[in-house]
Amino acid sequence: RYGQVKRMMQELMEQRSQLLSGTLPKDQLLRLRKEVTGKMDYGNKILALDLVVRDEDENILDPDRTSVISLFQAHRRAAQTLSQRIQEEMSSQQRSPGHGTHGAASPSHNLYLCVRNFVCHIGEEAQLFMALYDPGEQRIISENYVIRWASTGVPQDIELLNNLRVVFTDLGSADLKRERLFLVCQIIRVGRMDLRDSHSRKLSTGLRRPFGISGGAGD
């Protein structure tokens, strides 16, 4: 038990350094906070300490400002999550005897994306927002990678031609277990209110309008 707690403390100190670095995007920061608080709750459980209940942002609930019913529901959710984690931990140890929790820590995976070209006749400037999307949860699970495309059919920053690359980092085991994962590209047109507006009338400029969307699925 001492060795198990020692390894958990070492992992928590490493993750604390990442939290204090100030370099993580918002979604990765929240994911790391959830992992840290989950590990703290797990440590408290195996040491027979009190269970701390938290809100969706992993902040400790104030009993003076939270109703008894809300505290009970939060405590029940936390207990269920903790019990599930303990069962998964025990199953993992049974599948791989002799390996400690440090070796069984959740691995991090990255997705490398290189954009070669964007072919879509718009006639105005466009912004491309690329992100990872979970259709089961119906939500985007990553930050957006933004590409600004000129009306001439090339990137606004011409030096980025054939050099549009991004890495979606810190995809954990839970992300790989998703049934499906889409790479979604949202196309935003920047310019006139309506493309049918003729040049004979005073035109509005700089307006952002949804133009299209594209996506590809991965297993």
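Student: How much accessible surface does the protein chain have, and what share belongs to carbon and sulfur atoms?

Tutor: The accessible surface of the protein chain comes to about 15,200 Å². Carbon and sulfur atoms hold 52% of that. Keep in mind that this is a predicted model.

Student: And what share of the residues is buried?

Tutor: Of the 219 residues in the protein chain, 29% are buried.

Student: Which elements is the chain built from, and in what order?

Tutor: There are four helices and seven strands. From the N terminus, the order is α-α-α-β-β-β-β-β-α-β-β.

Student: What about contacts across the sequence? What share comes from residues 24 or more positions apart?

Tutor: Take the contacts with a separation of 6 or more. Residues 24 or more positions apart account for 61% of them.

Student: Let's go inside. Which residues in the largest nonpolar core touch the most other members?

Tutor: That core has 19 residues. Val115, Leu128, Met130, Tyr145, Ile147, Trp149 and Ile187 touch the most other members.

Student: Which strands each supply at least two residues of this core?

Tutor: β1 (109–115), β2, β4, β5 and β6 (181–191) each do.

Student: Why would nonpolar side chains be found together like that?

Tutor: In soluble globular proteins, nonpolar side chains tend to be buried together.

Student: Pick Met130. What does Met130 touch, leaving out residues up to four places away?

Tutor: Met130 touches Leu113, Val115, Glu143, Asn144, Tyr145, Ile147, Phe168, Val184 and Cys185. Another core lies apart from the largest one. That other core has five residues, among them Met8, Tyr42, Ile46 and Ile86.

Student: New topic: charges. How many salt bridges are there in the whole structure?

Tutor: A search finds five. One of them joins the side chains of Arg189 and Glu124, at 2.8 Å from N to O.

Student: Where do Arg189 and Glu124 lie?

Tutor: Arg189 is in strand β6, and Glu124 is in the loop between β1 and β2. The pair therefore ties together parts that are 65 residues apart in sequence.

Student: Are those two buried or exposed?

Tutor: Arg189 is buried, with a relative accessible area of 6%. Glu124 is buried too, at 12%.

Student: Which residues are linked in a network of salt bridges?

Tutor: Asp134, Glu137, Arg139 and Arg178 are. The side chains of Glu137 and Arg139 meet at 2.5 Å, N to O. Glu137 also forms a salt bridge with Arg178, where the closest N and O atoms are 3.3 Å apart.

Student: Which parts does the Glu137 and Arg178 pair tie together?

Tutor: Glu137 lies in the loop between β2 and β3, and Arg178 in the loop between α4 (173–176) and β6. So the pair ties together parts that are 41 residues apart in sequence. Glu137 is partly exposed, at 42% relative accessibility, while Arg178 is buried at 17%.

Student: Last one: Pro155. Where is Pro155 found?

Tutor: Pro155 is in the loop between β4 (145–149) and β5 (164–171). Pro155 counts as buried, since its relative accessibility is 3% and buried means under 20%.

Student: Which residues is Pro155 in contact with, neighbours within four places aside?

Tutor: Arg148, Trp149, Ala150, Leu161 and Leu164. Of these, Trp149 also belongs to the largest nonpolar core.

Terms used. Residues are numbered from 1 along each chain as its sequence is written. This is a predicted model: local features need pLDDT of at least 70, side-chain atom pairs count only at pLDDT 80 or more; totals for chains, interfaces and linings use all residues. Side-chain values use heavy atoms; hydrogens and water are left out. Buried means under 20% relative accessible area, exposed over 50%, partly exposed in between (1.4 Å probe, protein chains only). Contact means heavy atoms within 4.5 Å. Accessible areas come from the Shrake-Rupley method with a 1.4 Å probe; for residues, only the protein chains shown count as cover. A nonpolar core is a set of buried Ala, Val, Leu, Ile, Met, Phe, Trp, Tyr and Cys residues joined through side-chain atoms within 4.5 Å. A salt bridge is a side-chain nitrogen of Lys or Arg within 4 Å of a carboxyl oxygen of Asp or Glu.
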